[in-house]
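Please read these notes with the structure open beside you.

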Amino acid sequence: MHRVGPYSFQFAETASDLAQVHRLNYRTFVREIPQHQDTGGDVLVDKFHKKNTYLIAKKGNDVGGMLSAHSEAPFSVESRLPDLSVLTREGMKPVEIRLLAVEPGERQSPVVGG
C-alpha cells in the first residue's frame with residue numbers, strides 16, 4: 001500500500017472494493033462516457049474481470065479511482081494491431097491497462113498521479 005495525503009493506493013481485495021469498482025465503471029463507462037448500453041442497473045463488470053487486477057485509490061473506505069490491468073491473452077487491443085506478433089516476441093511480457101476511472105470530484109486530486 002502507498003499513501004499520498006488522505007489517499008491509500010492498493011489492490012482491490014475485498015468484496016466492497018470490487019463492488020465500488022463496478023459501480024464506478026457503470027457511472028463512468030455507461031453514464032458519462034456512453035461506451036456501453038444502459039441496462040438500468042448501476043453496475044458494470046468489465047468483460048475481462050476474471051483476469052483483471054484492480055489498483056484502487058481510496059479515501060477512507062471509499063474508492064475514488066481505479067485502474068485495471070491484466071497480462072493474459074487475449075487482449076482487447078489485438079483487434080487494433082496490424083501485427084499481433086508484437087505481443088508474442090521473445091522476452092515480451094505484455095500487460096494491458098484496460099480501464100481508468102476516477103470519480104469526478106477526485107479528478108483534481110492526487111488520485112491519478114498516485
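1. Five of the seven residues of strand S5 are buried, so S5 is largely enclosed by the rest of the structure. Buried means under 20% relative accessible area, with exposed over 50% and partly exposed in between (1.4 Å probe, protein chains only). Strands are DSSP runs of E, at least two residues long, numbered from the N terminus.

2. This is a predicted model, in which local features need pLDDT of at least 70 and side-chain atom pairs count only at pLDDT 80 or more, while totals for chains, interfaces and linings use all residues. Residues are numbered from 1 along each chain as its sequence is written, and side-chain values use heavy atoms, leaving out hydrogens and water.

3. Strand S5 belongs to an open sheet of five strands, ordered S1-S2-S3-S4-S5 with antiparallel pairing. Two strands pair if DSSP finds at least two bridges between them. S1 (2-4) and S5 (96-102) are the edge strands, each pairing on one side only.

4. Ser68 has Leu99 in S5 as its bridge partner.

5. His2 stands opposite Phe9 in S2.

6. How many aromatic pairs does a search of the whole structure find? The search finds one: Tyr7 and Phe9, a tilted pair at 6.5 Å centre to centre with 40 degrees between the planes. Rings of Phe, Tyr and Trp (its six-membered ring) pair if their centres lie within 6.5 Å; planes under 30 degrees apart count as stacked, over 60 as edge-to-face and the rest as tilted. Both Tyr7 and Phe9 are buried.

Notes
Helix = DSSP H or I, 4+ residues; strand = E, 2+ residues; numbered from the N terminus.
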